[in-house]
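Please look over the sequence and the structure before reading on.

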Amino acid sequence: MTEGETGTWCLIESDPGVFTELMREFGVKGLQVEELWSLEPESFDRLSPIHGLIFLFKWIGTSSTDDTSESIVQDDRLDKIFFARQVIQNACATQALVSVLLNCSYSKMELGPVLTDFKEFTKAFDPSMKGLALSNSETIRAVHNSFARQTVFEFEQKMSAKDEDVFHFVGYLPIDGRLYELDGLKEGPLDLGPIPQGKNWTEIVRPVLQARIAKYAEGEIHFNLLAIIGDRKAEYEERLAALKASENPAAVVISDIKRLIAEENMKRERYKLENIRRKHNYLPLIVQFLKELADKNQLLPLYEAAKEKAKAEATKVKKFKEESKS
């Protein structure tokens with residue numbers, strides 16, 4: 001598999017279970033990742049407080065209307081803001097996640113030794129050198145590539161790359177009262193302006209995301225938004241312990257918190273199972289299954305039946321389009 005070659009990075013899925021496990025395998029504690037299904041205020045309120053966002057979108061290149069050079073941070077703020085240029089293909093998912101984590105100020109977050117050492121090691125580096133250091137980190141790359149999609153042939157990715165859409169991840173988060181976009185394809189952090197006193201930073205980032213989505217053709221749905229939030233299970237357990245230690249704990253409230261903890265446990269088990277399935281190589285099973293069908297003379301009839309079904313579906317779609325035009 002090409003992703004396993006030294007120095008290469010695989011494509012990974014934009015999924016809260018994947019990004020949560022990425023963080024935990026990096027050694028990060030106190031955070032988890034949840035998916036936002038819309039840009040409505042209620043969606044953000046449901047997950048509040050949000051400590052950072054990771055936005056996936058279809059890359060369509062830059063245009064003359066995207067000139068943000070005046071907003072690129074080039075002053076001494078770079079001494080405090082961790083920003084790495086993306087210098088290698090397919091690393092943008094982990095790069096966006098790491099960039100948000102290394103700039104996150106959540107007091108209950110523990111970065112862990114891997115990212116703490118990396119941040120210290122690259123402290124004096126410029127953005128390009130930080131990007132190079134990130135791409136050459138064997139530990140970070142190994143965790144990232146553990147989510148490599150199993151492919152049948154090594155040349156599959158090279159053959160299909162020209163025809164596939166290209167997707168990119170960027171990060172958003174507040175730093176010292178201002179909103180920043182961290183995009184490894186840009187020269188530096190993008191300063192999106194101050195966060196007014198008394199306002200939640202997500203109120204400022206929502207129109208930014210809406211404007212970005214509005215640039216695409218109507219009906220485009222290839223977007224995904226992930227929120228980095230506090231570890232819900234740990235928060236619930238703290239609330240439960242405090243409640244039990246109080247003089248008059250309410251049985252109903254205790255029951256509700258226990259239910260929330262149980263839901264978090266179920267979600268983690270689901271993520272664990274999904275990630276096992278993502279990482280598992282099903283190719284030997286598939287090959288053996290096809291061999292068994294061939295030995296029983298069932299493979300060709302099934303193939304012909306599937307081909308006829310596909311042809312019928314294509315005819316149905318074509319007829320529907322012709323009727324829609326008339």
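Predicted model: local features only at pLDDT ≥ 70, side-chain atom pairs only at ≥ 80, totals over all residues.

Residues are numbered from 1 along each chain as its sequence is written, and side-chain values use heavy atoms, with hydrogens and water left out.

**Whole chain**

- The protein has 12 helices and 6 strands; helices (H or I, at least four residues) and strands (E, at least two) are DSSP runs, numbered from the N terminus.
- Of the 326 residues in the protein, 40% are buried; buried means under 20% relative accessible area, exposed over 50%, and partly exposed in between, with a 1.4 Å probe and protein chains only.
- Contact means heavy atoms within 4.5 Å. Among contacts between residues at least 6 apart in sequence, 75% join residues at least 24 apart.

- At the start of α1, a side-chain oxygen of Asp-15 comes to within 2.8 Å of the backbone nitrogen of Gly-17.
- Helix α1 is mostly covered, with 8 of its 11 residues buried. They are Pro-16, Gly-17, Val-18, Phe-19, Thr-20, Leu-22, Met-23 and Phe-26.
- The axes of α1 (residues 16–26) and α3 (residues 92–103) come within 11 Å and cross at roughly 65°. Axes here are lines fitted to C-alpha atoms, for helices over the stretch in contact, and angles run from 0 to 180 degrees between N-to-C directions.
- The crossing of α1 and α3 is right-handed; a crossing has that hand if the near helix is turned clockwise from the far one by less than a right angle, and is left-handed if anticlockwise.
- On the α1 side, Phe-19, Leu-22, Met-23 and Phe-26 meet Ala-93, Thr-94, Leu-97, Val-98 and Leu-101 of α3.
- Gly-27 follows α1 and has a positive phi, near 100°.

**Helix α9**

- Helix α9 (residues 232–245) has 14 residues and reaches 20 Å from its first C-alpha to its last, close to the 20 Å expected at 1.5 Å a residue. The expected span is 1.5 Å times one less than the number of residues.
- At the start of α9, a side-chain oxygen of Asp-231 lies within 3.1 Å of the backbone nitrogen of Lys-233.
- The buried residues of α9 are Arg-232, Tyr-236, Leu-240 and Leu-243. Seen down the axis of α9, these buried residues fall within an arc of 70°, so they line one face of the helix. The arc is that of the directions from the helix axis to the C-beta atoms.
- An α-helix has 3.6 residues a turn, so residues three or four places apart point the same way.
- The buried residues of α9 pack against β1 (31–36), α2 (41–47), β6 (223–230) and α10 (251–279).

**Single residues**

- Ser-135 is in helix α5 (residues 127–135) and is buried, with a relative accessible area of 7%. Leaving aside neighbours within four places in sequence, Ser-135 is in contact with Trp-9, Val-87, Ile-88 and Arg-141.
- Arg-212 lies in helix α8 (residues 201–214) and is buried at 15% relative accessible area. The side chain of Arg-212 makes a polar contact with the side chain of Glu-181 (3.0 Å). A polar contact is a pair of N or O atoms within 3.5 Å; within protein, one must be able to donate a hydrogen and the other to accept it, and residues adjacent in sequence count only if both atoms are side-chain atoms.
- Beyond four places in sequence, the contacts of Arg-212 include Phe-55, Phe-57, Val-170 and Tyr-172.
- Asp-176 is in the loop between β3 (167–175) and β4 (178–182) and counts as exposed at 60% relative accessibility. The side chain of Asp-176 makes a polar contact with the side chain of Lys-80 (2.8 Å).

**Backbone geometry**

- Most residues other than glycine have a negative phi, and most peptide bonds are trans.
- A cis peptide bond, with omega about 0°, joins Ser-48 and Pro-49. Pro-49 lies in the loop between α2 and β2 (50–58).
- Asn-90, in the loop between β2 and α3, has a positive phi of about 75° and counts as buried at 14% relative accessibility.
- Asn-297, in the loop between α11 (283–295) and α12 (299–325), has a positive phi of about 55° and counts as exposed at 65% relative accessibility.
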